[in-house]
Amino acid sequence: MINRFFRLYFCSSIKIEPVNIHYQDGLFDTTYGLLKMTRNPYLNQKQLESITNSYFLVDGVGSNFIKSLFKKDMNSLIIFDCEKMHLRNAIEIYQATKKQIDLQFFGTPKRPRNPFSKCKGPKDIFNLYRHIQNQQKLMLSRMCLIVSYNGEVRIQGTLPECGDLKYHLEEQPENISQIGYRKYNYLLPFSAYQGIVTAYNYEKEGVAIEFLNYKKIYALYGVFPPTQRQYQVLFHSYMQKLVKIHDVTHSSLYNVIDLGCGTGVLGFIANDVLLRSFKDKEINIYSLDNVENAVKSAKINSQCLEYKNYTAELGDITDIDTLQYQLTVFKYPAKFNLIIANPPWIQASKIRIDDSIENTVTDPDGIMLKSVFEFANKYLQIESLDSTKGRLILIYSDLSQLLELQEKEKVQDLCREYKMGITYYSELPFHIKDPQNVDPLLQYKQNSKVQLFEIRKI
């Protein structure tokens, strides 16, 4: 009891005075030298220029102090002092601050707040919830670590493994001394640092995939690890049905392409089933993604799985004219027997253009979905010598429709537009857990389905 009382008294008695900082040419001039903000999609240039104060936190400062800062000095930066703060305390403060911000919007269990009471439907709830989440991330993005130019996290205590942090830092100009600057260090949002640590764990440990005989798939930073099982179950079940259909076996050459491949897991599942079923056929798996780290992940994983018939390249299917030239350069085939696509399920505008996670889950105006059909219309094998028609396998969800973000039967409408027909369909419930029961969209997500469409030219 004495220790607890002393700790509370100590925390409340610490006073952190603001330190004036000056922002110019993309750099903050601080007591720790020149610092450049990095990996922060939430603070734009105008917001950075408005920052004039920073608070260097030391051990013993509580989350109530941070809460008061957010109220009285929203334009400040909160920096963990690299000489007077331990990582374990920084994590405590960050988590407590995160909780305080949640309380600010949603209240306490005894005195709850419902910011969605005036919403007229799921679309309004979705948009308001995104706005709240964005405001929360904006506030938390002001809590930063100092990272030296050589990738060393400047804080006391034992640090978790996170790989080479220099990979996540913006390169400094080679002629930096000639333009009047010395080498500068970096301000890295604590939330971004935690994301890098988590991503490194997936990159290092991998995810065992049931349908690849529990071999592991690895995801680089900014690429979703294949942890959701439902779409893998649907796709593997479909591939098992596909190889039993006789028209697949007629051709000696079978070309597959995975659009938006991510880690490559769907292409690998297809490859595994096809290779085991047709040992005398030439199976080729091609893939495209517009995220560089996704292409790198897919290439690494194909090497680990020892798939010599797998190719991954960087390409954007929403730019069909440029892609046509790229496919020629990549030496991809002119037609594909099987096209696999798992585009983003949420048809909503992007809030932050440079937020990689946001870009992975949203599809503004359904551009990606429509581009899948355009690609299939142009590159799907329509008719071969044995009259085998190619297939587009679309893995999607009705979540956007339930949230009233997308018109009903969008896939069916696109099929009619491109003169295609759905020849096979299966679905599974989209299981989602929310232990804290704070997601206002939970009921819609729990009622949604993961869907698999087999689509062919009419």
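The structure holds one cavity of 30 Å³ or more. A cavity here is a set of points, on a 1 Å grid over the protein atoms alone, where a 1.4 Å probe fits but cannot get out. Grid points are joined across faces, edges and corners, and a volume is the space filled by probe spheres set on the points. The model is predicted, with local features needing pLDDT of at least 70, side-chain atom pairs counting only at pLDDT 80 or more, and totals for chains, interfaces and linings using all residues. Residues are numbered from 1 along each chain as its sequence is written, and side-chain values use heavy atoms, with hydrogens and water left out.

**The cavity**

The largest cavity has a volume of about 40 Å³. Its lining consists of Lys67, Phe70, Gln100, Ile101 and Gln104, where a lining residue has an atom within 4 Å of a point. Helix 3 (63-72) and helix 4 each supply at least two residues of this lining, and helix 4 gives the largest share, three residues. Helices are DSSP runs (H or I, at least four residues) numbered from the N terminus. By class, the lining has two nonpolar, two polar and one charged residues. Ala, Val, Leu, Ile, Met, Phe, Trp, Tyr, Cys and Pro count as nonpolar, Asp, Glu, Lys and Arg as charged, and the others, Gly among them, as polar.

**Helix pairs**

Two packed helices are described by the angle between their axes and the distance between the axes. Axes are lines fitted to C-alpha atoms, for helices over the stretch in contact, and angles run from 0 to 180 degrees between N-to-C directions.

| Pair | Angle | Axis distance |
|---|---|---|
| Helix 3 and helix 4 | roughly 50° | within 9 Å |
| Helix 4 and helix 6 | about 110° | 11 Å |
| Helix 11 and helix 13 | about 45° | 12 Å |

Angles under 35 degrees count as roughly parallel, over 145 as roughly antiparallel, 65 to 115 as roughly perpendicular and the rest as oblique. A crossing is left-handed if the near helix is turned anticlockwise from the far one by less than a right angle, and right-handed if clockwise. Contact means heavy atoms within 4.5 Å.

With axes crossing at roughly 50°, helix 3 is oblique to helix 4, and the crossing is right-handed. Ser63, Asn64, Ile66, Lys67 and Phe70 in helix 3 meet Ile93, Ala96, Thr97, Gln100 and Ile101 in helix 4. These residues divide into five nonpolar, four polar and one charged.

Helix 4 (residues 87-106) also packs against helix 6 (residues 190-205) at about 110°, which makes the two roughly perpendicular. This crossing is left-handed. On the helix 4 side the contact has Leu87, Ala90, Ile91, Tyr94 and Gln95, and on the helix 6 side Phe190, Ser191, Tyr193 and Gln194. Six of the residues are nonpolar, three are polar and none is charged.

Helix 11 (residues 320-330) packs against helix 13 (residues 367-379) at about 45°, so helix 11 is oblique to helix 13. Their crossing is right-handed.

How values were computed
On a 1 Å grid over the protein atoms alone, a cavity is a set of points where a 1.4 Å probe fits but cannot get out, and a pocket is an open set with protein on both sides within 12 Å along at least five of seven lines; lining residues have an atom within 4 Å of a point.
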